[in-house]
Amino acid sequence: MSSTTLLIIIVAIVIAEYLLSEWLSYRNRKAATPQMPPQLEGLYDADKYAKQQSYFRTNNRFSLITSTFTTILMIALLSTQIFGGVYNYCLTITTNTIGVTLLFFGVLFLSYGILMLPFEIYDTFVIEERFGFNKTTPKTFITDKLKSIMIAAILGGGLLSLIVWLYTLLETNFWWAAFLVSISVSLLMNLFYSQIIVPLFNKQTPLQEGELRDEIEKFAEKAGFEITNIYVIDGSKRSTKANAYFSGMGKKKRIVLFDTLIDELTTQEIVAVLAHEIGHYKKRHTLKNFIIAGFAMLVQLYVLSLTLTSNTMAEAMGLMHPAFAVSVIAFGILYTPIDLLTGLFMHSISRKAEYEADNFAAKYGLGEDLISALKKISVKSLSNLTPDKLYVKFHYSHPTLLQRIKAIKKD
Ligand SMILES: [Zn+2]
């Protein structure tokens, strides 16, 4: 295959992904109805439902603009073979393989970040603000950005250096070593995320004494979960949207409740949400996810190793000889179809896990409380009640509110 043909294929994949994504988004737009689904009658009043529809349309339009912009940008960069050009420029600064790779990705990462900044600012301070969700101050926004860049530089840069070093050492046999390093970093991240990363952005405090803690304690004992692992996080610092999540494994496990959730829900509803999170722990969802994601990563690294020395790929990207950094970008695009399939699979596993966690709560007689909690959370965040079926398959990590209510009622 000639490098021109390959470049055409790469660009075609970028366009095809864009078209697929916009087609799904279009289907989702068509599925939105000004009438409430009858099963959810009474959930919103007319005004609030109109507001939800408007929020949905605003976000849908905004994501169309954002993805059109990034797609046009990507096509322009690829067809002018700028990636190869930038890499050659980086080579004039340093010829050290690790150094030049870090510099190359650093330049791309920062330029992309700067280009996307207006979109992010608009999303937080215009859209979220208009619908009454935003609590982020400009100061929080800026410090968040700086911290994220720092974390990406340290963690991403560190991991990238290690992988490139392994590549210089083992050449195309580097994939299994890169896998071991990546999986270890990802395991450490999973275990220490709550202690190292979260405190950089939020305050977490153990659940305070009182009626809520007493009720939760009673339930946790029944379900065999240690209460010391339950924390409250100051989500209200950024948004009024409410949430709860489970993180970590083994001794590092913890359930985190947003302060916004505690403000909005009754004690029994919070216990039901907690039961759902304990369900994730009892059913070992984190571990299962970790294993599946690890396997996907292994396959991806192996396939990557097969393409790294391809001259055709290097030429398609504007280089004379293959370079790790530039090949990774071309590979990333060529891998998109497999990535999409992996995503479909991971999302379906995730939705199944949500049903199982709901089922766990229902088994303890908390089904009705969970339903009313889910309804409140959904209304509070103006969630779309009638997403398109195919859109859900591609994008939803959780089943829709209606699907969850139906499943809980059956238990
Ligand atoms: Zn869940």
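In this predicted model, the centres of domain 1 and domain 2 lie 27 Å apart, taken over C-alpha atoms. Domain 1 is assigned residues 3-198 together with 283-410. Domain 2 is assigned residues 204-262. The two domains meet through 18 residues of domain 1 and 16 residues of domain 2.

Helix α6 gives the most, with 5 residues. By residue class, this side of domain 1 comprises 7 nonpolar, 8 polar and 3 charged residues.

Helix α9 spans residues 267-282 and has 16 residues. From its first C-alpha to its last, α9 reaches 22 Å, close to the 22 Å expected at 1.5 Å a residue. Of the 16 residues of α9, 13 are buried, so the helix is largely enclosed by the rest of the structure. Arg 284 follows α9. The phi of Arg 284 is positive, near 55 degrees.

Asn 359 is found in helix α13, which covers residues 336-363. Around Asn 359, 17 other C-beta atoms lie within 10 Å. A buried residue would need 20 or more, and an exposed one 12 or fewer. Asn 359 is therefore partly exposed. Arg 404 is 45 residues from Asn 359 in sequence. In space, the two residues are 9.6 Å apart, C-alpha to C-alpha.

Methods: Residues are numbered from 1 along each chain as its sequence is written. This is a predicted model: local features need pLDDT of at least 70, side-chain atom pairs count only at pLDDT 80 or more; totals for chains, interfaces and linings use all residues. Helices (H or I, at least four residues) and strands (E, at least two) are DSSP runs, numbered from the N terminus. The expected span of a helix is 1.5 Å times one less than its number of residues. Domain bounds come from an automatic or database domain assignment. Two residues are in contact if their C-beta atoms, placed from the backbone, lie within 7 Å. Ala, Val, Leu, Ile, Met, Phe, Trp, Tyr, Cys and Pro count as nonpolar, Asp, Glu, Lys and Arg as charged, and the others, Gly among them, as polar.
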